[in-house]
Amino acid sequence: EQVLRIAQDLAGYTLGGADILRKAMGKKIKSEMDAQRKKFIDGILERVGGSPATAKILFDQIDRFAGYAFNKAHAAAYAMIT
């Protein structure tokens, strides 16, 4: 949810666009994440400005977060249910 909000507020994603990013993260689709990287960075630069390097760093953090965040979220929910 936090990544969806970041994509919307900082990079100007629509709800549908943010959901595409979420799916790419959740299913670990590298080709889609590469496409989203450009869209995300361009969106930040257009919407809030700043340096391309800072926008890249933010996306890199989101990309690394995608490696474990969804697994951790599901594991916590399943543990609570059990």
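Let's start with glutamine 8. Glutamine 8 has a relative accessible area of 19%. Buried means under 20%, so glutamine 8 counts as buried. Keep in mind that this is a predicted model.

Where does glutamine 8 sit? Its place is in helix H1. Now its contacts. Set aside the neighbours within four places in sequence, and glutamine 8 is in contact with Tyr13, Thr14, Leu15, Ala18 and Arg47.

Next, alanine 7. This residue also lies in helix H1, which covers residues 2–11. Is alanine 7 buried or exposed? Its relative accessibility is 0%, so alanine 7 counts as buried. What does alanine 7 touch? Not counting residues up to four places away in sequence, the list is Gly12, Tyr13, Ala18, Leu21 and Phe40. Alanine 7 and isoleucine 41 are 34 residues apart along the chain, and their C-alpha atoms are separated by 9.9 Å.

Now the whole helix. Which residues of H1 are buried? They are Val3, Ala7, Gln8 and Ala11. These residues cover an arc of only 135° around the axis, so they lie on the same side of H1. Turn to the other side of H1, and Gln2 and Arg5 are exposed there.

What covers the buried residues of H1? The cover includes helix H2, residues 15–26. It also includes helix H3, residues 30–47, and helix H4, residues 52–66.

Last, the end of the helix. Glycine 12 follows H1, and its phi is positive, near 75°. Glycine 12 is also one of the residues that alanine 7 touches.

Methods
Residues numbered from 1 in each chain as written. Predicted model: local features only at pLDDT ≥ 70, side-chain atom pairs only at ≥ 80, totals over all residues. Heavy atoms only, no water. Helix = DSSP H or I, 4+ residues; strand = E, 2+ residues; numbered from the N terminus. Buried < 20%, exposed > 50% of the residue type's maximum accessible area, 1.4 Å probe, protein only. Contact = heavy atoms within 4.5 Å. Arc of directions from axis to C-beta.
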